[in-house]
Amino acid sequence: MNRYLKPTGRRAVASTENTENQENQQDSPHRLIESRLEKMEELGKSVELYPYSFDRTHTSVQAREAEKELLESEAKVRFPGRIMTKRGTGKTIFVPISDEWGTLQAYFRKDDLGVERFDLIKRLIDIGDWIGVEGKLFLTRTGELTVHVENFTFLSKAIRPLPEKFHDMSLENKSRNRHLDLAMNVESRERFKKRSAMVSAIRAFYAEEEFLEVETPVLQPLYGGATARPFKTHHNALDMTLYMRIADELYLKRLIVGGLERVYEIAKDFRNEGMDRTHNPEFTMLECYAAYWDYEDMMNHTERLIRKLATQFGDEGKLTYGELEMDFNQPFARIRFMDALQEKTGQDLMKLDDSQVADLAKNKGITLKKGMGRDKILDELFSELVEPELIQPTFVMDHPKELSPLAKSHRTAEGLVERFELFVAGFELANSFSELNDPREQRRRFLAQKALIDAGDDEAQPIDEDFLQAMEQGMPPTGGMGMGIDRLIMLLTDSNNIRDVLLFPHMRPLSPQEAQK
RNA sequence: GCGCCACUAGCUCAAUUGGCAGAGCAACUGACUCUUAAUCAGUAGGUUCGGGGUUCGAUUCCCUGGUGGCGUACCA
């Protein structure tokens with residue numbers, strides 16, 4: 001395998017088995033690249049291969065929008081882009097050129113350009129090269145808007161070929177080679193531009209609601225704010241272990257203690273867990289905290305946010321996700337965690353003792369692992385029985401306490417906390433609570449987590465003394481909410497795999513060698 | 001983690017019960033002055049993911065390793 005045309009996908013494994021007898025071939029480029037390098041050599045004699053800029057008058061979309069005036073005025077346009085294909089008919093060549101927004105066709109004619117210039121286009125300029133064309137627009141016999149090229153500027157050479165254009169690339173190939181996916185697929189470009197617009201819309205919403213955008217550390221001496229395994233790293237100068245954040249929560253709450261009353265952050269979190277259709281090791285999280293709010297206020301806030309996004313990016317406040325249709329125009333359903341379980345099991349689970357709950361779970365086909373507490377089992381039951389049916393936007397409220405070490409106890413219901421999760425299309429989109437702000441209670445919850453760690457739970461949260469001290473300084477009543485942005489984008493773009501909404505999703509290395517780099 | 005399935009030319013895919021490894025696009029040579037998956041004639045391109053085994057013979061069957069897809073577990 002040579003270094004010039006690395007196969008994409010799984011075949012590169014073969015390269016790890018290179019032995020001496022193949023080393024001689026290492027410097028011989030792949031035939032497809034060889035041909036392009038030769039053309040490049042020759043092309044370089046007539047044109048500058050890598051010029052510095054190009055003055056554009058119109059993008060592909062602007063040219064189409066101004067089509068009528070441009071055809072009438074016969075004004076020249078200057079249009080740059082990438083050559084997507086070439087259709088030659090002897091002494092003319094049609095060349096569709098793509099820019100970020102679409103494609104505009106260019107028409108090269110031997111009589112207009114002369115033998116030598118025409119020959120450059122015909123022989124030396126390849127699909128994938130960048131070029132700027134200049135000329136008047138006209139409509140072809142079939143009505144396609146086309147630049148009649150009077151002059152062209154070579155802009156950059158592609159020595160690797162583009163993928164074939166009639167068939168979709170595999171998800172793996174797209175994910176590993178995003179530049180090719182973007183180059184070949186307008187839908188892909190549109191999807192990522194949509195993601196950007198959605199994140200901007202979220203920021204605009206937070207500005208409207210008078211939240212301050214802040215940034216908190218990624219590298220932390222202690223992780224917390226969620227139940228998850230962290231990534232561990234090392235700071236050389238300080239010779240200390242650092243963790244990459246699993247949640248923003250504890251730092252944001254310190255800002256509330258400091259008197260910043262409404263803060264939010266949109267940032268990457270990192271969790272050292274499995275990868276699948278809906279999980280990437282690094283993912284984008286929105287977290288917000290508001291002083292003087294409780295979870296009711298936060299529920300209303302969350303509903304406003306989601307409805308705004310559904311209105312802006314959906315079809316009249318409705319979204320389609322695969323086979324599912326969701327309507328965000330009505331007030332979101334609100335159900336209590338225990339009520340939903342009671343409806344599914346026919347029993348009031350608050351009245352059952354621990355062993356009765358365990359038996360019930362077993363009857364429902366849930367495999368119990370040792371160390372699973374009562375509340376954990378309830379959570380499993382909920383995931384199994386209730387979650388799959390939560391298609392329309394639904395707030396699930398008032399969860400068991402053990403699973404929520406940072407949430408405030410429910411003001412009336414014993415054993416529960418003031419918490420809600422928002423479910424849409426079976427996804428858990430948001431998680432929120434009235435934030436615990438009693439430092440004595442918080443310390444007890446941490447100690448309970450510590451006991452779980454000592455018992456071997458590697459996802460429980462360690463005691464964060466700095467956070468506790470901040471809270472001891474006095475934290476106002478606060479509502480907090482977290483939302484997985486990638487999943488939200490999946491929902492809003494009807495994407496089935498998280499890799500479709502991440503520009504560079506984490507991929508397994510192709511070979512053990514590459515893994516070591 | 002676990003289970004099922006897949007991996008063949010640069011890309012997307014074929015190959016009958018185990019019997020000469022093929023097509024389209026891309027590439028190369030040539031023809032063609034409004035094409036649009038341009039067309040036509042020709043050429044070249046392969047360690048069938050790696051390693052091992054069964055067999056006269058393996059893309060095909062078995063074992064093993066890798067990567068991916070889907071499902072499942074943990075989670076957002």
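**Figure 1. Aspartate 494, which has a positive phi near 55°, follows helix 16.** The model shown is predicted: local features require a pLDDT of at least 70, side-chain atom pairs count only at pLDDT 80 or more, totals for chains, interfaces and linings use all residues, and side-chain values rest on heavy atoms, with hydrogens and water left out. Residues are numbered from 1 along each chain as its sequence is written, while chains are lettered from A and ligands numbered from 1 in the order in which they are written. Helices (H or I, at least four residues) and strands (E, at least two) are DSSP runs numbered from the N terminus. Helix 16 covers residues 485-493 and is largely enclosed by the rest of the structure, because eight of its nine residues are buried. Buried denotes under 20% relative accessible area, exposed over 50%, and partly exposed the range in between, computed with a 1.4 Å probe on protein chains only. The buried residues of helix 16 are Ile485, Asp486, Leu488, Ile489, Met490, Leu491, Leu492 and Thr493.

**Figure 2. Serine 495 lies in the loop between helix 16 and helix 17 (512-516).** With a relative accessibility of 4%, serine 495 counts as buried. Leaving aside residues up to four places away in sequence, serine 495 touches Arg191, Tyr321, Met490, Asp500 and Val501; a contact means heavy atoms within 4.5 Å. One of these partners, Met490, is also among the buried residues of helix 16.

**Figure 3. Strand 12 (residues 282-291) is paired with strand 11 and with strand 19.** Two strands pair if DSSP finds at least two bridges between them. Strand 12 is mostly covered, with nine of its ten residues buried. Nine bridges link strand 12 to strand 11 (residues 262-270) in the antiparallel sense, and within this pairing lysine 268 stands opposite threonine 284 of strand 12. Strand 19 (residues 478-484) also runs antiparallel to strand 12, to which it is joined by seven bridges. Here alanine 291 faces threonine 478 of strand 19 as its opposite residue. In a regular strand the side chains alternate between the two faces of the sheet.

**Figure 4. Strand 1 (residues 76-83) is joined by bridges to strand 5 and to strand 3.** Six of the eight residues of strand 1 are buried, and the strand is mostly covered. The antiparallel pairing with strand 5 (residues 130-139) comprises seven bridges; lysine 76 has lysine 136 of strand 5 as its bridge partner. Strand 3 (residues 92-99) likewise runs antiparallel to strand 1, with two bridges between them. Isoleucine 83 stands opposite isoleucine 97 of strand 3.

**Figure 5. Three strands form an open sheet in the order 8-10-9, with antiparallel pairing.** Strand 8 (219-220) and strand 9 (232-235) are the edge strands, each pairing on one side only. Two bridges connect strand 8 with strand 10 (residues 240-244) in the antiparallel sense. Leucine 219 has methionine 244, in strand 10, as its bridge partner.

**Figure 6. One cavity of 30 Å³ or more is present in the structure.** On a 1 Å grid over the protein atoms alone, a cavity is a set of points where a 1.4 Å probe fits but cannot get out, and lining residues have an atom within 4 Å of a point. The largest cavity has a volume of about 40 Å³, where volume is the space filled by probe spheres set on the points, joined across faces, edges and corners. Its lining consists of Gln220, Leu222, Tyr223, Gly224, Ala247, Asp248, Glu249, Leu250, Tyr251 and Asp464. Helix 9 (residues 249-257) gives the most to this lining, with three residues. The lining residues comprise five nonpolar, two polar and three charged; Ala, Val, Leu, Ile, Met, Phe, Trp, Tyr, Cys and Pro count as nonpolar, Asp, Glu, Lys and Arg as charged, and the others, Gly among them, as polar.

**Figure 7. Confidence in chain A is lowest in helix 1 (residues 20-23), at a mean of 32, and highest in strand 7 (residues 212-213), at 98.** These values are pLDDT, the predictor's confidence in each residue, from 0 to 100. Residues 6-27 have a pLDDT below 50, and this stretch makes 28 contacts in the model beyond near neighbours in sequence. Over residues 512-517 the pLDDT stays under 50, and the model has four contacts for them beyond four places in sequence. Where pLDDT is low, the predicted coordinates should not be read in detail. Chain A averages a pLDDT of 87, with 92% of the residues scoring at least 70.

Methods: On a 1 Å grid over the protein atoms alone, a cavity is a set of points where a 1.4 Å probe fits but cannot get out, and a pocket is an open set with protein on both sides within 12 Å along at least five of seven lines; lining residues have an atom within 4 Å of a point.
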